[in-house]
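Subject: Structure handover

Hello,

Here is the structure I promised to pass on. Please open it alongside this message.

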Amino acid sequence: MCRMKVRVNAKINLTLDVVGDFGKGYHKLNMIMASVGIFDIVEVCVSDKIAVTMDMRESDESNTAFKVAEICHKEYGIPPLKIDITKGIPFGGGLGGSSADASAVLYCVKKMFGVDNQIIESIAARVGSDVNFMLKGGICNASGKGDFVTELEYKEYSLVVAKGKCSANTKDVFNKFDEIGCATDYTTQFLNALNGGNELEYIGNGLEPATMALCTDMEKVIHSLQKYCHYVCMSGSGACVFAVMDNMSDANLVADKLKNSFPFVKACTTLPYGIKEI
């Protein structure tokens with residue numbers, strides 16, 4: 001096999017708590033992450049040199065998919081790869097777009113060249129905190145830097161995901177959190193409620209105040225979604241916000257109402273997988 005094409009899903013954070021730090025700018029996290037039906041298409045094939053295109057524009061060595069291909073080639077003898085990415089996951093949204101693309105390349109490398117799963121997970125941890133979750137998919141509790149992942153029982157949630165014009169820079173958000181942030185415990189409460197309560201009462205993101213201080217239009221997105229739903233939360237370090245609706249019919253209606261208000265609005269569901277071959 002010398003070519004593969006996959007769909008790789010975005011993620012949302014149903015919860016996110018900053019519970020400590022590792023030093024050197026790295027924070028200890030505790031989160032509930034879920035795969036959702038917003039996705040990139042990634043095609044990987046053997047080539048004479050490593051190359052990555054994103055929406056037909058060439059990307060450089062800073063691209064996470066490029067980093068994966070480079071590690072695989074230099075350290076594990078995998079042939080150079082040409083990687084074509086068609087973006088559906090918005091940039092700067094906290095939906096894990098760059099991690100998704102890295103995980104897609106690792107998935108293809110594993111399938112195409114029979115690379116051991118332990119090696120795949122090791123590379124994933126090196127290139128991005130969310131990459132191991134993206135490979136696993138479904139709904140998981142992620143801790144540490146986000147790279148220690150425990151699978152949870154899958155539940156389907158109907159969602160509206162929206163983003164304003166402002167994008168969030170993860171480093172800036174964590175720096176702002178260090179200035180103004182406070183301790184939260186959404187994840188523990190969410191997990192406890194799974195045993196018989198309403199876990200959606202505990203969706204929440206400890207980074208939200210920091211991101212709102214940097215992304216001036218995110219508050220408008222939140223308030224717009226709150227008109228239709230009680231369960232509204234930011235994903236990741238922002239600036240995408242999601243609402244958990246009663247059903248997909250309601251989600252589609254709300255997305256249709258808001259589609260002209262913000263640059264990105266999408267109705268979707270959570271999904272039990274992260275990557276699918278196409």
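The model is predicted.

**Helix 2**

I start with helix 2, residues 97-113. It has 17 residues, which at 1.5 Å a residue should span 24 Å. Its end C-alpha atoms are 24 Å apart, so the expectation and the model agree.

Is helix 2 enclosed or open? Of its 17 residues, 13 are buried, so helix 2 is largely enclosed by the rest of the structure.

Leaving aside residues up to four places away in sequence, Ser99 touches Thr64, Asp130, Val131 and Met134.

**Helix 1 against helix 2**

Helix 1 covers residues 64-76. It has 13 residues and reaches 17 Å from its first C-alpha to its last. That is close to the 18 Å expected at 1.5 Å a residue.

How do helix 1 and helix 2 run relative to each other? Their axes come within 7 Å and cross at roughly 30°. Angles under 35 degrees count as roughly parallel, so helix 1 and helix 2 are roughly parallel to each other. The crossing is right-handed.

Helix 1 brings Thr64, Ala65, Val68 and Cys72 to this contact. Helix 2 brings Ser98, Ser99, Asp101, Ala102, Val105, Leu106 and Val109. By class, the contact of helix 1 with helix 2 has seven nonpolar, three polar and one charged residues.

The buried residues of helix 1 are Thr64, Ala65, Phe66, Val68, Ala69, Ile71 and Cys72. They pack against strand 3, strand 5 (81-86), helix 2 and helix 3.

**Helix 2 against helix 3**

Helix 3 spans residues 117-127. The axes of helix 2 and helix 3 come within 10 Å and cross at roughly 160°. Angles over 145 degrees count as roughly antiparallel, so helix 2 and helix 3 are roughly antiparallel to each other. Helix 2 passes helix 3 in a right-handed crossing.

On the helix 2 side, the contact is made by Ala102, Leu106, Val109 and Lys110. On the helix 3 side, Asn117, Ile120, Ile123, Ala124 and Val127 take part. The classes in this contact of helix 2 with helix 3 are seven nonpolar, one polar and one charged.

Ala102, Leu106 and Val109 of helix 2 are listed in the contact with helix 1 and in the contact with helix 3.

**Backbone features**

Two residues in the loop between strand 3 (51-54) and strand 4 (57-59) deserve a look. Asp55 has phi near 50°, a positive value in a residue other than glycine. Asp55 is partly exposed, at 38% relative accessibility. Met56 lies in that loop too, and its phi is near 70°, again positive in a residue other than glycine. Met56 has a relative accessible area of 81%; over 50% means exposed, so Met56 is exposed.

Where is the cis peptide bond? It runs from Gly238 to Ala239, with omega near 10°. Ala239 sits in the loop between strand 10 (232-234) and strand 11 (241-245).

Leu271 lies in strand 12, residues 264-271. It is buried, with a relative accessible area of 13%. Leu271 and Lys155 are 116 residues apart along the chain, yet their C-alpha atoms are separated by 8.3 Å. Residues up to four places away in sequence aside, Leu271 touches Arg7, Asn9, Ser35, Val36, Gly37, Gly138 and Tyr154.

Pro272 is in the loop between strand 12 and strand 13 (275-277). Is Pro272 buried or partly exposed? It counts as partly exposed, at 48% relative accessibility. Pro272 and Gly138 are 134 residues apart in sequence, but 3.9 Å apart in space, C-alpha to C-alpha. With residues up to four places away in sequence again left out, Pro272 touches Gly137, Gly138 and Tyr154. Gly138 and Tyr154 are among the residues that Leu271 touches.

Best wishes

Key. Residues numbered from 1 in each chain as written. Predicted model: local features only at pLDDT ≥ 70, side-chain atom pairs only at ≥ 80, totals over all residues. Heavy atoms only, no water. Helix = DSSP H or I, 4+ residues; strand = E, 2+ residues; numbered from the N terminus. Expected span 1.5 Å × (residues − 1). Buried < 20%, exposed > 50% of the residue type's maximum accessible area, 1.4 Å probe, protein only. Axes fitted to C-alpha atoms, helices over the stretch in contact; angles between N-to-C directions. Parallel < 35°, antiparallel > 145°, perpendicular 65-115°, else oblique. Left-handed = near helix turned anticlockwise from the far one by under 90°. Contact = heavy atoms within 4.5 Å. Nonpolar A, V, L, I, M, F, W, Y, C, P; charged D, E, K, R; others polar.
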